[in-house]
Amino acid sequence: MRVVIAPDKFKGSLSAPEVAGHLAAGLRAGFARAAGSAEALETTLIPVADGGEGTLDAAVGSGFTRRSAMVTGPLGEPVRADFAVRGNQAVIEMAAASGLALLPEGPNTKTAKEANSIGTGELIRAALDLGCRKIILGVGGSANTDGGAGVLQGLGAVLLDADGNELPPGGGALARLDRIDFSGLDVRLEASRFVLASDVDNPLLGTLGAPAVFGPQKGATAADVTALDAALARFVEVLGEEIGDRAPRAAEAPGAGAAGGVGYAAIAVLGAARRPGIDVVLEFTGLAGQLAGADLVITGEGSLDEQSLLGKTPMGVARAAEAAGVPVVAVCGRTTLSQEQQHDSGFRQVLPLTSLESDVEVCIREAGTLLETLGRTIGEQLAAGSRTKESLNV
């Protein structure tokens, strides 16, 4: 009997590899208790993600090699950031270089205007140095609202004001942008292909744009949002003078507003193709191939709710399992889905940690132990179904 364990992280508690490991340990223990031995049980662990935080772990879990580079953090300080490489492909998780978690005092009105994405551009350069020419940008958890101007700076572009002085980093400074010098832009970009792994479909500007929708999460006040939107509009205008009509067109493209507008620079300048993050991750992890011959799939994430239904990790795994004809069970910290929604989503069963412990804080703190308990329950059910040769009672 073979079980594929393909969860996302439990945010604030456990990484996806840790979730998978705890579930596998419980599963084997439960199966052994009910069947007398776990020898007949095979587990395949495939940590997954939806393109945001955790994408790097998913890549490493699927055979990519973890590498690291010293880059510029969101406020200019040096940080060591990891990325992943396999052959000529690289996976870059933007949060590792330019994430909110790297702000020492958390987001505020100052960081909202000054945080930058330079380190993400420098990570791309590090991947190019290793011969990578297909680069997957996993965006999510970013600290910046700079339209991806920082990414271009990290790749060699120089942003200048009307006096010819180089602008300081951050979205706020773009209000003074006069021209962009692309003469130093890394020439290897011309032979490279980029994938923007993101479920965000917001444009760059306006009421649904990056400053308005995501700025407040990064410390922006209402006045900051207005100023940042105007600054990014100036960035689009000047970029249009440099690269032509594709600059304003890209500002309206779905996903341009992702990661504080990094999606915009990726689409407009790097020629990135935007794809749903979960689809990208499931592709490079090879989940579909691993499902062949499996008896059960276990997936999950910290909170299984209506937002999950919009294309988060569990839904992507459930679709792949359905296509392979394999039953799927979801585990989670908590769920707000109705029984009907769970059924319609393709889950044979949803098992939240809150079914074992009602205190959410305890669930967060003791997630590993509770996941092993759920894993034991599933393992016992699998063993019982195997003995009676009936369909899995899960």
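1. Aromatic pairs. In this predicted model, the count of aromatic pairs comes to two. A pair of aromatic rings is described by how far apart the centres are and by the angle of the planes. For Phe-64 and Phe-284 the ring centres lie 5.4 Å apart and the planes stand at 65 degrees, and because planes over 60 degrees apart count as edge-to-face, this pair is edge-to-face. Phe-64 belongs to the loop between α2 (55-61) and β3 (65-72), while Phe-284 belongs to helix α11 (residues 277-285), so the pair ties together parts that are 220 residues apart in sequence.

2. The pairing of β3 with strand β4 (residues 78-86) is antiparallel and runs over eight bridges, and a reader who wants a place to look in the structure can find Arg-66 opposite Ala-84 in β4.

3. Strands of a sheet pair through backbone hydrogen bonds, either parallel or antiparallel. A further open sheet is formed by five strands in the order β2-β1-β11-β12-β13, and here the pairing is parallel. Its edges are taken by β2 (42-45) and β13 (347-352), each with a single partner strand, so one side of each is left without a neighbour in the sheet. Neighbouring strands of this sheet are turned against each other by 25 degrees on average, direction ignored. Within the sheet, β11 and β12 pair in the parallel sense over seven bridges, and Val-297 stands opposite Val-328 in β12.

4. Helices on the five-stranded sheet. Helix α1 (residues 16-35) lies across β1 (2-5), β2, β11 and β12, and runs at about 175 degrees to β2. Helix α13 (residues 313-324), in turn, lies across β11, β12 and β13 and runs at about 160 degrees to β11.

5. The largest pocket. How much space lies in the largest pocket? The volume is about 1,400 Å³, and of the 49 residues that line this pocket, the closest to its centre are Lys-9, Lys-11, Asp-50, Gln-307 and Lys-312. The elements that each supply at least two residues of the lining include two strands of the five-stranded sheet, β11 (296-304) and β12 (328-335), and also α3 (95-98) and α15 (360-365). By residue type the lining divides into 20 nonpolar, 17 polar and twelve charged.

6. The second largest pocket. About 210 Å³ of space lies in the second largest pocket, and its lining includes Phe-182, Leu-185, Asp-186, Glu-190, Phe-194, Arg-246 and Leu-270. This lining divides into eight nonpolar residues, no polar residues and three charged residues.

7. Rolling a probe the size of a water molecule over the atoms shows where empty space is left. The structure holds one cavity of 30 Å³ or more, and the largest cavity has a volume of about 40 Å³. Among the residues that line this cavity are Asp-146, Leu-159, Leu-167, Pro-168, Pro-169 and Leu-174, and helix α6 (residues 149-154) gives the most to the lining, with three residues. Sorted by type, the lining consists of six nonpolar residues, three polar residues and one charged residue.

Notes:
Residues numbered from 1 in each chain as written. Predicted model: local features only at pLDDT ≥ 70, side-chain atom pairs only at ≥ 80, totals over all residues. Heavy atoms only, no water. 1 Å grid on protein atoms, 1.4 Å probe; cavity = no way out; pocket = protein on both sides within 12 Å on 5 of 7 lines; lining within 4 Å. Points joined across faces, edges and corners; volume = space filled by probe spheres on them. Helix = DSSP H or I, 4+ residues; strand = E, 2+ residues; numbered from the N terminus. Nonpolar A, V, L, I, M, F, W, Y, C, P; charged D, E, K, R; others polar. Pairing = 2+ DSSP bridges. Axes fitted to C-alpha atoms, helices over the stretch in contact; angles between N-to-C directions. Contact = heavy atoms within 4.5 Å. Phe/Tyr/Trp six-rings, centres within 6.5 Å; stacked < 30°, edge-to-face > 60°.
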